Amino acid sequence: MHFELAGKKVRLLAAAVTAFVIIFVAVHYKKYLDPELDLNHGYALFILSMVGGVGAGLLIAVRSWADEKYKMLANTVLFFVMPIFSMQMVECFNGNFIWNFSVKTGLANYMIYLVFYLILYLITGRYHISALVVNIFLYVWSIINYYVELFQGTPFLPSDIVTIRTGLNVADGYTYELSWNILLGSIIFLLIYLFNKRCVSMRPQKLKFRLASKLATVGYLAVVLISFFFTDFSTNMGYKPDFWNQARGYHKTGSFFNFCLNTKYLIVQKPSGYDAEAVDDYITDTLEEAGVDPDSDTSMNLLTGENDYTASEDGETPNIIYITNESWADLGNLGDLETNEDYMPFIHSLTENTIKGYVTVPVFGAGTSNSEYEALTGNTISFLPAGCNVYQSYLDSETPSLVSTVSSLGYSLTAFHPYYRSGWNRESVYSLLGFTDFISLENIVDEDIIETHKKNSNVIEYENLLKERYDDGDEMLLRRFISDSYDYKLIEEMYEERDDSEPFFVFNVTMQNHGGYSVSYSNFYQEIYTTNLSTSYTKANRYLSLIKETDEAFEELVEYFSNVDEPTVICMFGDHLPSIETEFYEELLGSDLDNLTTEQEMLHYETPFVIWANYDIEEAEVESISANYLSTLLSQVAGLPMTQYNKYLSVLYQTLPVISTVGYVDSDGTCYSASEETPYEDILHQYNCITYNCLLDEDNREESLFYLVE
């Protein structure tokens with residue numbers, strides 16, 4: 001190998017690049033003093049970044065070449081070494097280093113990265129172009145994964161690709177700050193780019209060698225891709241997604257490697273032994289074994305376990321207000337949390353004509369629509385691919401739900417979400433679930449104001465435009481979203497303006513508490529803060545102050561309907577916990593998030609729920625319930641007739657009160673993680689077949705099980 005200095009202009013460019021990198025890193029040195037890093041570790045990364053700047057300059061200023069007879073070998077070796085550097089660049093954004101991997105894990109990652117290099121090589125026939133395209137892709141992917149996990153608490157999954165539009169709608173509410181991960185990862189990308197410029201494509205002169213290289217490449221791709229996607233080889237080797245905790249899996253065995261592992265699960269396979277004709281038998285047998293006559297008007301009372309539930313004798317249909325409250329959580333449920341004052345005084349004190357407790361939802365930090373789906377349909381997403389979004393990927397035909405039940409009883413059918421109607425594909429999905437009206441932000445705020453806000457993302461301008469245009473414009477926003485208080489006032493207006501020949505039903509997804517807790521706003525006063533933790537967590541304190549606003553708004557809603565003569569039931573639950581400081585959760589739970597017990601992980605997915613009525617109902621505190629049972633419980637509180645599926649769910653609840661993406665809880669309170677076998681495999685398999693029939697096998701769906709039959 002031979003080396004020489006480049007010309008003067010190139011050397012000046014090299015000096016400029018080196019100076020820029022070193023100065024930029026030096027200015028942002030505090031980014032390396034991340035409290036999650038050991039101080040010495042932070043200094044080492046800082047020095048490594050500085051050295052990277054020098055290395056970039058040397059790669060520009062020094063030319064190198066191999067003797068002609070070694071040129072093909074040298075460039076080929078360089079091409080096959082490049083994936084190692086790519087791995088480290090990607091893992092840097094994940095806060096990880098490839099020397100932490102076992103040899104087996106490192107090799108598994110390398111094989112997947114090499115697949116992408118070789119696919120591009122087959123297409124282009126050029127080493128340099130192949131590596132360049134692959135690394136640009138990996139760099140962009142790494143940044144996306146970094147910010148998705150930072151904002152949502154969960155990494156970027158293949159199924160997130162189809163939700164990118166929804167993500168962009170709320171992206172301007174977050175703060176995009178530099179970190180050591182971005183600094184060092186970007187420097188490594190620069191080094192890879194400069195290193196790759198030395199790579200020159202060499203073609204074997206003889207035809208037989210050219211054919212052999214192509215055949216070897218195709219053979220490698222075939223072996224790896226077939227064994228990866230169409231066999232259990234990777235699973236048997238111990239590599240499959242950590243469905244329980246994707247972030248942990250990304251960290252332990254490689255982020256991009258785990259992303260690829262998750263692609264195997266995008267397609268929903270039929271449950272083993274699935275037979276559409278057996279679904280009716282599963283439900284009938286379950287009911288009969290519980291002592292419930294499938295043909296009778298009675299069913300099991302979900303809360304008491306007694307076979308004495310009947311619909312209201314006089315056919316009374318109370319108004320129903322069903323609220324999915326964005327990011328609503330009771331953080332004190334996670335551990336010993338003390339605050340300067342109660343952040344949910346009204347709901348904590350509410351007991352009369354009230355059923356409340358904690359509901360296990362299927363998502364953490366984001367993914368509202370999956371919680372909606374479970375709470376509306378009674379189906380669980382725990383049998384679907386990890387990280388999927390039902391609204392985006394699977395719900396493409398008319399699907400039975402609570403909406404179809406109340407529709408057959410003559411209710412009005414309104415969905416209400418005070419944000420963009422395109423989010424989570426709601427505009428299409430809500431009609432498939434049975435809603436006849438969908439009220440969104442576009443129905444509340446004039447289009448020109450919305451477009452101005454989308455274009456400028458200026459909250460002060462947005463708020464001023466609302467004040468100028470609307471008499472109550474100064475009440476509409478809290479931070480940059482429609483407040484819960486204003487949201488509930490709109491529900492009250494809908495009720496007052498309703499067609500009073502129909503009982504009133506509205507499904508409301510609020511927006512006030514949506515993520516983006518780093519930014520302060522002039523229209524939001526923070527009044528709650530923690531008093532017993534080791535440090536002040538800015539995001540957590542802002543979030544708790546928002547929850548106080550939700551509590552006050554819910555009190556106003558209850559007070560309003562307390563003065564309404566018509567019987568009314570209100571159910572509100574949280575869709576997921578907020579994505580706030582990881583350290584806050586770890587201190588409260590007393591454990592690193594990668595090492596939570598099953599019970600602790602369950603807490604990480606529990607949000608509060610409350611059902612209140614303006615007439616006499618049996619009060620109850622519910623210890624365990626998952627979102628898939630919530631519509632059945634609400635239906636029974638409202639005295640509605642049960643579909644066969646509702647009857648089945650009320651029986652299933654007695655055995656497994658929690659069925660979720662995290663795991664299962666049985667009637668004895670025993671927790672099982674989603675990755676381990678349970679004594680309830682047969683029951684879960686039957687439930688899997690039933691939900692598959694309901695959601696995905698619409699051509700063979702047993703309609704009489706999911707709809708009220710006259």
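This is a predicted model: local features need pLDDT of at least 70, side-chain atom pairs count only at pLDDT 80 or more; totals for chains, interfaces and linings use all residues.

Biologist: OK, so where is glutamate 277?

Modeller: Glutamate 277 sits in the loop between helix H11 (255-263) and helix H12 (278-289). Helices (H or I, at least four residues) and strands (E, at least two) are DSSP runs, numbered from the N terminus.

Biologist: How many helices and strands are there in the protein chain?

Modeller: The protein chain has 28 helices and 15 strands. Its radius of gyration is 29 Å, close to the 27 Å that the globule rule gives for 710 residues, so the chain is as compact as a globular protein of that length. That radius is taken over C-alpha atoms, and the globule rule is 2.2 Å times the number of residues to the power 0.38.

Biologist: And what does the C-alpha trace span along its principal axes?

Modeller: About 95 × 60 × 45 Å. Buried residues make up 55% of the 710 residues.

Biologist: Let's pick a helix. Is H10 mostly covered or uncovered?

Modeller: Helix H10 (residues 246-253) is mostly covered, with six of its eight residues buried. The buried ones are Gln246, Ala247, Arg248, Gly249, Tyr250 and Thr253. Just after H10, glycine 254 has a positive phi of about 105°.

Biologist: Which residue other than glycine has a positive phi?

Modeller: Serine 327 does, with phi near 55°. Serine 327 is in the loop between strand E3 (319-325) and helix H13 (345-349), and it counts as buried because its relative accessibility is 1%. Arginine 479 also has a positive phi, near 60°. Arginine 479 lies in the loop between strand E7 (477-478) and strand E8 (481-482), and its relative accessible area is 3%, so it is buried.

Biologist: New topic: how many salt bridges are there?

Modeller: The count comes to ten. A salt bridge is a side-chain nitrogen of Lys or Arg within 4 Å of a carboxyl oxygen of Asp or Glu. One of them joins arginine 469 and aspartate 446 (2.7 Å, N to O). This pair links distant parts of the chain, 23 residues apart: arginine 469 is in helix H20 (residues 459-469), and aspartate 446 is in the loop between helix H18 (441-444) and helix H19 (447-456).

Biologist: What else does arginine 469 pair with?

Modeller: Aspartate 448, with the closest N and O atoms 2.9 Å apart. Aspartate 448 is in helix H19 and arginine 469 in helix H20, so the pair ties together parts 21 residues apart in sequence.

Biologist: Which residues are linked in a network of salt bridges?

Modeller: Glu341, Glu527, Lys548 and Glu552.

Methods:
Residues are numbered from 1 along each chain as its sequence is written. Side-chain values use heavy atoms; hydrogens and water are left out. Buried means under 20% relative accessible area, exposed over 50%, partly exposed in between (1.4 Å probe, protein chains only).
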